[in-house]
Amino acid sequence: MKFIHMADVHLGIQPDKGKPWSEAREQEIKETFVRVIEDAEARQIDLLLIAGDLFHMPPSEGMLRDVDYMLSKLTNTKTIIIAGNHDYMKPDSPMANYQFSSKTICLSADKISNVYMKDINTCVTGFSYNSKENREDIIDHIKPAKQGAFNILLAHGGDANHLPFSKKTLRETNFDYVALGHIHKPEIIKENQVIMCGSLEPIDYTDTGARGYIFGEVVDGIVKTQFIPIAKRTYMNLLINIKPDHSPAMILDLVDRQIRNLGEDNIYRILVKGHNHNHDVFDFTSLTNKYNIYEVVTEDSRDEYDINKIYQENQDNLIGKFVNQLSDNYYNDEVYKKAINYGLDVLLKTAQ
Ligand SMILES: [Mn+2]
């Protein structure tokens, strides 16, 4: 049995709204999704698992018809979808009432359910979101539904507001494979068995690193998985350390060379540290016009971290957790200010 596990495609999103590449990204996300379907067909995959947030918002009937058409190209593959916190499924929504013409099943939002496929002796258990949040620790308690079959758990969550789970409990799961979605950074929680596959494409500047899907193969009951990078672009942080003898022209040349080496398609944040003898102001406009540069952050602008904005944008990830924890402990305190600046420097400026 061969499967593909992906999540957080976020069809319909325009990443980095207002930036010159934003609309192209919306299209690219769709194209990458299509490439996964082509891979699935080429590899004659049995099962395509989509672990939530396939859409960035609850989909219209038109969006569903579009995806249904793409999935109908699969001759051998069954697709199982759950709705996540972005594309949550209300009882009267188009998604809850859509009849797929492709071999696609969307698991119910009312209850935990399972699909058993006799031909591949595989049982997929899971459920969809019916709202933007779900704080229950359901994932830790779901049990495999079909004895003697290959049991898969399909779930979306992993932070306090979205089905919080314990990695430790999940490592002891009785499921043969746990296909997780929601956190955009891929993570192998237990090798070949419990995997957060990460978003298919990076969605914002915190999504640094490779993105793709998981390809899995089960031979004689043994699962082997592999991460397949497929995203069109990568977000990268470029750390520029300015030394006393650096001139602005030298630095511009250096950054230009680095971007050409790393790939002109990628989206960059330039993080500038230090000063030269003259205390020159470094103007990166010529590069911003030429490449995809999300922002230039200098040390002097670091007091301008907009904590609320950063929190709003990062609730699902480590940065959000960090801000939240510190804000609870040291609100409006000098120590807080230092700690938050120092911590955000590390979290936001980690080069990948
Ligand atoms: Mn999500």
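Helix 5 (residues 248–262) lies across strand 13, strand 14 and strand 15, running at about 150° to strand 13, where axes are lines fitted to C-alpha atoms, for helices over the stretch in contact, and angles run from 0 to 180 degrees between N-to-C directions. Helices (H or I, at least four residues) and strands (E, at least two) are DSSP runs, numbered from the N terminus. The model is a predicted one, in which local features need pLDDT of at least 70 and side-chain atom pairs count only at pLDDT 80 or more, while totals for chains, interfaces and linings use all residues. Residues are numbered from 1 along each chain as its sequence is written, and side-chain values use heavy atoms, with hydrogens and water left out.

- Three strands make up an open sheet of order 13-14-15 with parallel pairing, two strands being paired if DSSP finds at least two bridges between them.
- Strand 13 (235–241) and strand 15 (292–298) stand at the edges with a single partner strand each, so one side of each is left without a neighbour in the sheet.
- Neighbouring strands of this sheet are turned by 20° against each other on average, direction ignored.
- Strand 14 (residues 267–273) runs parallel to strand 15 and is joined to it by 6 bridges; Ile 267 has Asn 292, in strand 15, as its bridge partner.

**The manganese site**

- Asp 53 (OD), Asn 85 (OD1), His 156 (NE2) and His 182 (ND1) coordinate the manganese ion at 2.1 to 2.3 Å; donors are N, O and S atoms within 2.8 Å of the metal (3.2 Å for Na, K and Ca), and water is not among the atoms, so sites may look incomplete.
- Along the chain, the donors of the manganese ion follow the spacing D-x31-N-x70-H-x25-H.
- Asp 53 lies in the loop between strand 2 (47–51) and helix 2 (61–71), whereas His 156 lies in strand 7 (residues 150–156), so the pair ties together parts that are 103 residues apart in sequence.
- Asp 53 and His 156 are both buried, a term that means under 20% relative accessible area, with exposed meaning over 50% and partly exposed in between (1.4 Å probe, protein chains only).

**Salt bridges**

- A salt bridge is a side-chain nitrogen of Lys or Arg within 4 Å of a carboxyl oxygen of Asp or Glu, and by this rule the count comes to 12.
- Lys 30 forms a salt bridge with Asp 66, their closest N and O atoms being 3.1 Å apart; because Lys 30 lies in helix 1 (residues 22–42) and Asp 66 in helix 2, the pair ties together parts that are 36 residues apart in sequence.
- Lys 30 is partly exposed, with a relative accessible area of 31%, and Asp 66 also counts as partly exposed, at 36% relative accessibility.
- The side chains of Lys 167 and Glu 187 meet in a salt bridge at 3.0 Å, N to O, which links distant parts of the chain, Lys 167 being in helix 4 (residues 167–171) and Glu 187 in strand 9 (residues 187–190), 20 residues apart.
- Lys 167 counts as partly exposed at 34% relative accessibility, and Glu 187 is partly exposed with a relative accessible area of 30%.
- The side chains of Lys 290 and Asp 256 meet in a salt bridge at 2.7 Å, N to O, and this pair links helix 6 (residues 285–290), which holds Lys 290, with helix 5, which holds Asp 256, the two residues being 34 residues apart.
- Lys 290 is exposed, with a relative accessible area of 53%, whereas Asp 256 counts as buried at 9% relative accessibility.

**Cysteines**

- The structure holds 0 disulfides, a disulfide being a pair of cysteine sulfur atoms within 2.5 Å.
- Cys 106 is in no disulfide, the nearest cysteine sulfur being that of Cys 197, 16 Å away, which is too far for a bond.
- Cys 197 counts as buried, at 0% relative accessibility.

**Ile 319 and its surroundings**

- Ile 319 has its place in helix 8 (residues 318–330) and is buried, with a relative accessible area of 7%.
- Not counting residues up to four places away in sequence, Ile 319 touches Thr 206, Ile 310, Asn 314, Leu 344, Leu 347 and Leu 348, where contact means heavy atoms within 4.5 Å.
- The C-alpha atoms of Ile 319 and His 156 are separated by 20 Å, the two residues being 163 residues apart along the chain.
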